[in-house]
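Please look over the structure below before reading on. The briefing goes topic by topic.

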Amino acid sequence: LCQRKPFGALRGENMATDPLLEHHPDFAAEESKEGCYRCTASICECFLLDPTSWLRFGPKFLCTNLPHFCTICCSNNGDSRTSALMNMMKSMAGILDRTSSDLISLQKATDVTASIPFYRSLHLGLKGADVKGYDAVEDMGGGEWLYPVERGTPHEELQRPLEDRRMIFYIHGGAFVLCNPATHRGITVNLVNVTNTSLLVASYSRPPKSKFGDEDSPLAGVLKSYLKLIDKVMPSRILVAGESAGGNLAAALCLRLLQLKKPLPGGLVMISPWVDLTEASFEKHSWKVNDDYLPVGLARKFARAYVPDVVGEEISATNCLASPLQAEMGVLSSFPQTLLLYGSEEALADQDAEFATRLESAGVHVRVCVGNGMAHAYPVLYDLGHGGVAKKCVLATRFIGLALFMSMLFSALACIHVQRHGIGCWIQFVFVSLAVLALMLARRWFIHPEKLNKLDQVARMVKPQKTSSSSVETSKRLQHQDDIPKEVPPTKQAFDEISSFAAGLWGQDADFKRIRGRFGTELYL
């Protein structure tokens, strides 16, 4: 029932006066997938696929992660919030590994995000960045367009001279099976913000419906979208990026383009790429010793859902299009300049380091950024760790707490006035005591936020983050100001690296300098 709508209609413009859409219909807007009915239907469909597992998962997840929720909503320390997020994701993955065996049910759970009413507008509003977005048409493979208001829409990008156009083609991760463009706005919106460039998030068919080697495989869907994009933008002006399974598909896309003798992109950014899906890769040291949130059992299940590991078969994990780490050195030598980011504490650290070494040995210009103490795909943690979304969550929590205090106080006073004797007085006394306690805590948070450290300690109970003593002291001194420590946090540094890499690819022009300043680079240096 979705009908293609011209983008200008979303802004209330008369599209008859816009000749661009007549020549570039692939850049038009699809009807939004968000809506109350669709969201309710998605939730019901997900629950009915595996009701027993979800009934076990929900209460256990909430009880286990209540301290981490409190840290994220109340703490003024960005490092503590980041640590709490990693612990919460680790807990969630561990519970799912023990309770759920239905991959389709897990897939539907992540797909709910694409149908939440006003979710895109809410996320972009909380970010506070001048970024807008709309759904891409099916001819582009679906997905989502995001663009900076300062530079203009993707249609306005096509009005520029061919040599001045630039674009980011992003491939989302999710272990091949999970997630969609809506789940990865924590990365994609920041990419648009730091590069001041329009971005297309690819949408592709996922296992178990579509597997490696099928006509509608994830790689085939990504390839189709990329070939559509290079009809309008020079390949050398396209930056292909992806994280986790998306990093695998980004590298596999380059290998497939070499096989088809098609032009490669100008640059490649891989964040924690899952470049080796063979069974032997799960025996590597980092899978055994690193305390990542990726359980090896669940990761193996996702990998086998995408591609089997059969020795000697063309459709196997040993194929370089499934495991780019298996590609020959002579093929890797044709790769574009590459930026590779991964966490020092993630399960894929060994294979990512090996892939970087192979690219360097093949003569590829490679920049490697390792996030100290960070887990898998750590840049996605920036918004709720050190970013502006986290600050707004903390502020909202305080206002909600203050509102609850006021409501309890007035309710207690009203009831005491009506009933001065009996058990009602004692009940209202308890309410008043709780309200006074809440007020004292709120005052402590507002006036002395640096003293709120007990919740921060809870966030580090599972695994303390590796941070130097000088960095901790600096963070304590400045967290009550703008929550910006003197030392750049790894999640923020990752986007600085991407911005610098993109500036080198497209040229250090004026809008890059403005956008880097707006993202806060000067405040760290």
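Predicted model: local features only at pLDDT ≥ 70, side-chain atom pairs only at ≥ 80, totals over all residues.

The chain has 525 residues, and 53% of them count as buried. Its secondary structure comes to 22 helices and 10 strands. Among contacts between residues at least 6 apart in sequence, 78% join residues at least 24 apart.

**Second largest pocket**

- The second largest pocket holds about 980 Å³ of space.
- The lining of this pocket counts 36 residues, and those closest to the centre are K33, D111, N180, S203 and R206.
- Helix α3 gives the most, with four residues.
- By class, the lining has 16 charged, 13 polar and seven nonpolar residues.

**Helix α6**

- Which residues of α6 are buried? They are L103, S105, L106, Q107, T110 and D111.
- The cover over these buried residues includes α3, α4 (51–74), α5 (78–99) and α13 (296–306).
- At the start of α6, D102 places a side-chain oxygen within 3.1 Å of the backbone nitrogen of I104.
- A109 also sits in α6. A109 counts as partly exposed because its relative accessibility is 26%, between the 20% and 50% cut-offs.
- Leaving aside neighbours within four places in sequence, A109 is in contact with C46 and W54.
- A109 and F47 are 62 residues apart along the chain, yet their C-alpha atoms are separated by 8.2 Å.

**Loop between β6 and α10**

- S217 is found in the loop between β6 (199–202) and α10. P208 has its place in the loop between β6 and α10 too.
- The peptide bond from P207 to P208 is cis, with omega near 0°. Most peptide bonds are trans.
- Is S217 buried or exposed? S217 is buried, because its relative accessible area is 6%, under the 20% cut-off.
- Beyond its neighbours within four places in sequence, S217 is in contact with S205, S210, K211 and F212.

- R256 lies in helix α11, which spans residues 245–260.
- R256 counts as partly exposed because its relative accessibility is 28%, between 20% and 50%.
- The side chains of R256 and Q259 are joined by a polar contact of 2.8 Å.
- Not counting residues up to four places away in sequence, R256 touches L223 and L321.
- R256 and L223 are 33 residues apart in sequence, and their C-alpha atoms are 8.2 Å apart in space.
- K261 has its place in the loop between α11 and β8 (267–271). Phi of K261 is near 60°, a positive value in a residue other than glycine.
- K261 counts as exposed because its relative accessibility is 76%, over the 50% cut-off.

- A377 has its place in the loop between β10 (366–371) and α16 (382–385).
- Phi of A377 is near 55°, a positive value in a residue other than glycine. Most residues other than glycine have a negative phi.
- Is A377 buried or exposed? A377 counts as buried, because its relative accessibility is 5%, under 20%.

**Helix α21**

- A503 lies in helix α21, which covers residues 490–506.
- A503 is buried, because its relative accessible area of 4% is under 20%.
- A503 and T195 are 308 residues apart in sequence but 7.6 Å apart in space, C-alpha to C-alpha.

**Cysteines**

- How many disulfides does a search of the whole structure find? The search finds zero.
- C44 is in no disulfide, and the nearest cysteine sulfur, that of C39, is 9.5 Å away. A disulfide needs the two sulfur atoms within 2.5 Å, so this distance rules out a C44–C39 pair.
- C44 is partly exposed, with a relative accessible area of 42%.
- C369 counts as buried, at 6% relative accessibility.

Key:
Residues numbered from 1 in each chain as written. Heavy atoms only, no water. 1 Å grid on protein atoms, 1.4 Å probe; cavity = no way out; pocket = protein on both sides within 12 Å on 5 of 7 lines; lining within 4 Å. Points joined across faces, edges and corners; volume = space filled by probe spheres on them. Helix = DSSP H or I, 4+ residues; strand = E, 2+ residues; numbered from the N terminus. Nonpolar A, V, L, I, M, F, W, Y, C, P; charged D, E, K, R; others polar. Buried < 20%, exposed > 50% of the residue type's maximum accessible area, 1.4 Å probe, protein only. Contact = heavy atoms within 4.5 Å. Polar contact = N/O pair within 3.5 Å; in protein donor to acceptor, adjacent residues only side chain to side chain.
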